[in-house]
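Subject: Structure handover

Hello,

Here is the structure I said I would pass on. Please open it first, then read the notes under it.

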Amino acid sequence: MKSEHIPRATIQRLALYVQVLETFRREGSEVLSSEVLAKACNVNPSQIRKDLAYFGEFGVRGVGYFVQDLISSIKQALGVDRVWKAALVGVGNLGKALLRHQDFPRRGFHIVGAFDCDPFKIGEEVSGLEVICSRRLKEKVEELDIEIGLITTPPERAQRAANYLVDAGVRGIINFAPARINVPETVYVEYVDFFHHLYAVAFNLNMDNQDR
Ligand SMILES: NC(=O)c1ccc[n+]([C@@H]2O[C@H](COP(=O)([O-])OP(=O)(O)OC[C@H]3O[C@@H](n4cnc5c(N)ncnc54)[C@H](O)[C@@H]3O)[C@@H](O)[C@H]2O)c1
């Protein structure tokens with residue numbers, strides 16, 4: 001892999017390529033031309049070549065990409081060809097839905113700890129996991145080898161949840177709560193908020209309506 005900085009947009013496109021390639025694989029395709037892959041991903045073929053070039057040489061001139069090989073190579077490049085253990089903090093509506101979602105283990109992300117601060121929830125079982133008091137995060141992160149934290153608390157509690165995770169040694173956080181969190185530079189945070197997508201759709205519909 002080249003040591004230069006890989007843009008975030010490239011990482012996001014690589015995830016998209018895997019998603020599209022897996023669909024082709026399910027449908028029985030073994031080889032794909034770069035044009036077909038590019039069209040399905042809604043990018044141009046040179047963009048795909050540029051993105052893949054960060055990680056090595058892929059594809060055969062005049063043939064295209066071998067679907068399974070490319071999926072394996074991209075997953076290896078992204079570091080998702082292994083199991084990652086995660087903790088979820090905030091076992092409410094969203095937290096429970098994520099805990100019950102079968103795609104996490106299927107894709108190599110095992111949520112092995114569920115934490116909450118509500119005494120009525122502590123001890124409850126959700127999707128085979130006992131809800132544990134968030135004060136015990138540090139102990140459990142060490143015991144269970146947890147590397148990723150998912151925050152699904154109310155926004156005003158997200159910083160506290162992040163503090164628990166950082167203090168426990170977690171270096172990767174996905175924050176589903178609509179709040180920015182402060183963490184040390186060594187901790188990587190991703191924010192997920194479907195309202196951002198709804199805003200984008202609403203904005204575009206609004207623009208279309210104004211053009212009519
Ligand atoms: N990212 C998205 O697209 C998206 C979608 C829906 C909801 N959300 C957000 O997800 C969050 C959860 O929503 P919900 O409907 O599940 O809320 P909820 O009230 O049902 O659940 C929140 C849970 O967090 C727990 N909690 C509070 N403080 C805590 C702390 N310090 N440590 C551990 N647990 C703590 C509460 O006891 C509760 O069980 C909210 O911030 C909401 O805005 C995001």
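This is a predicted model: local features need pLDDT of at least 70, side-chain atom pairs count only at pLDDT 80 or more; totals for chains, interfaces and linings use all residues.

A residue is called buried here if 20 or more other C-beta atoms lie within 10 Å of its own, exposed if 12 or fewer, and partly exposed in between.

Helix H1

By that definition, Leu-14, Tyr-17, Val-20 and Leu-21 are buried in H1. Looking down the axis of H1, you would find these buried residues within an arc of 135 degrees, so they line one face of the helix. The face turned away from the buried side carries exposed residues: Arg-8, Gln-12, Gln-19, Thr-23 and Arg-26. What do the buried residues of H1 pack against? They pack against H2, H3 and helix H4, which covers residues 67-78.

H1 itself covers residues 8-26, which is 19 residues. Just after H1 comes Gly-28, with a positive phi of about 95 degrees.

Arg-26 is a residue of helix H1. Is Arg-26 buried or exposed? It has 8 other C-beta atoms within 10 Å, so it is exposed.

Helix H3 and its surroundings

In H3, the buried residues are Ile-48, Asp-51 and Leu-52. Seen down the axis of H3, they fall within an arc of 95 degrees, and therefore they line one face of the helix. On the face turned away from that buried side are the exposed residues Ser-46 and Ala-53. H1 and H2 are included in what covers the buried residues of H3.

Between helix H2 (34-41) and helix H3 (45-53) there is a loop, and Asn-42 is found in it. Asn-42 is not a glycine, but its phi is positive, near 60 degrees. Asn-42 counts as exposed because it has 8 C-beta neighbours inside 10 Å.

Ala-77 belongs to helix H4. With 19 other C-beta atoms within 10 Å, Ala-77 is partly exposed. The cut-off for buried is 20 or more. Ala-77 and Tyr-54 are 23 residues apart along the chain, and their C-alpha atoms are separated by 9.2 Å.

Where is Ser-127 found? It is in the loop between strand E5 (125-126) and strand E6 (129-133). Ser-127 has 16 C-beta neighbours inside 10 Å, so it counts as partly exposed.

The ligand

There are 26 residues around the ligand. Which of them come nearest? They are Gly-90, Gly-92, Leu-94, Arg-157 and Ala-177. Helix H5 (93-100), strand E4 (109-116) and helix H8 (158-167) are the elements that give two or more residues to the shell around the ligand. H5 gives the most, with 3 residues. By type, the residues of the shell divide into 13 nonpolar, 7 polar and 6 charged.

The whole chain

The protein chain has 212 residues, and 24% of them count as buried. It has 9 helices and 9 strands. Taken along the principal axes, its C-alpha atoms fill a box of roughly 60 × 50 × 35 Å.

The chain is divided into domain 1, residues 8-76, and domain 2, residues 84-195. How many Å separate the centres of domain 1 and domain 2? Over C-alpha atoms, the centres are separated by 32 Å.

One last figure concerns contacts in the protein chain. Of those with a separation of 6 or more, 59% are accounted for by residues 24 or more positions apart.

If you want a place to start, display H1 and colour Leu-14, Tyr-17, Val-20 and Leu-21, the buried residues named above. Then colour Arg-8, Gln-12, Gln-19, Thr-23 and Arg-26, which are exposed on the face turned away from the buried side.

Regards

Key:
Residues are numbered from 1 along each chain as its sequence is written. Domain bounds come from an automatic or database domain assignment. Helices (H or I, at least four residues) and strands (E, at least two) are DSSP runs, numbered from the N terminus. The expected span of a helix is 1.5 Å times one less than its number of residues. The arc is that of the directions from the helix axis to the C-beta atoms. Two residues are in contact if their C-beta atoms, placed from the backbone, lie within 7 Å. A residue is near a molecule or strand if its C-beta atom, placed from the backbone, lies within 6 Å of it. Ala, Val, Leu, Ile, Met, Phe, Trp, Tyr, Cys and Pro count as nonpolar, Asp, Glu, Lys and Arg as charged, and the others, Gly among them, as polar.
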